Amino acid sequence: MINNIIDEMTSLILKIEDLINFDIEDIKAARHEKLLDRNDDKQKFMEEIIELRQNLNDELVKKMREGIDINIYREDVDKLEERLKHLHYINAKLASIVLPIQQMYKEIVDELANQNGGNILEIKV
């Protein structure tokens with residue numbers, strides 16, 4: 001059971017990493033609208049990982065109570081932790097790209113608003 005949970009979590013992490021890498025490529029190619037298409041999937045996968053993490057913890061506690069030395073899972077859990085650290089790294093890489101673009105768009109909107117007396121769209125009736 002524990003190995004199944006670890007395998008499932010690893011699979012989800014790899015899926016999220018792929019989506020983030022697609023996001024980075026789309027940003028480089030100025031296909032910013034495509035980022036939104038993947039957000040729901042990334043959110044769903046993250047929620048599943050959080051749930052699986054709790055299941056993993058519960059299973060490890062259960063094994064301990066049964067008197068099983070849970071160190072037999074140490075290597076697999078360490079590998080999972082490394083995958084999560086890598087996911088955190090590439091997510092930070094994505095954020096370092098997205099945040100400047102967000103700031104650029106904000107500055108453009110602010111400049112347009114200033115040029116139009118605080119209104120981006122001027123509506124005359």
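A word on the model: it is predicted, so local features need pLDDT of at least 70 and side-chain atom pairs count only at pLDDT 80 or more, while totals for chains, interfaces and linings use all residues. Residues are numbered from 1 along each chain as its sequence is written, and side-chain values use heavy atoms, with hydrogens and water left out.

**View 1. Glu17 reaches Arg83.** The closest N and O atoms of the Glu17–Arg83 salt bridge are 2.5 Å apart. Glu17 lies in helix H1 and Arg83 in helix H3, so the pair ties together parts that are 66 residues apart in sequence. Glu17 counts as buried at 5% relative accessibility, while Arg83 counts as partly exposed at 27%. The count of salt bridges comes to nine.

**View 2. Glu81 and Lys85 pair within one helix.** Here the side chains meet in a salt bridge of 3.6 Å, N to O. Being four residues apart in helix H3, the two are separated by about one helical turn. Glu81 is partly exposed at 40% relative accessible area, and Lys85 is partly exposed at 46%.

**View 3. The largest nonpolar core has 22 residues.** Such a core is a set of buried Ala, Val, Leu, Ile, Met, Phe, Trp, Tyr and Cys residues joined through side-chain atoms within 4.5 Å. Ile2, Met9, Ile16, Ile20, Ile49, Leu56 and Leu80 touch the most other members. Helices H1 (2–28), H2 (33–65) and H3 (74–115) each supply at least two residues of this core, and H1 gives the most, with eleven. Leaving aside residues up to four places away in sequence, Ile16 touches Lys42, Phe45, Met46, Ile49 and Leu87 (contact means heavy atoms within 4.5 Å).

**View 4. Lys63 is buried without a salt bridge.** Lys63 sits in helix H2. The nearest side chain of opposite charge, Glu66, is 4.0 Å away (Lys and Arg count as positive, Asp and Glu as negative; His and the chain ends are not counted). Not counting residues up to four places away in sequence, Lys63 touches Ile2, Ile68, Ile70 and Tyr73.

**View 5. Ala30 has a positive phi.** The phi of Ala30 is about 60°, although this residue is not a glycine. Ala30 lies in the loop between H1 and H2 and is exposed, with a relative accessible area of 52%.

Terms used
Buried means under 20% relative accessible area, exposed over 50%, partly exposed in between (1.4 Å probe, protein chains only).
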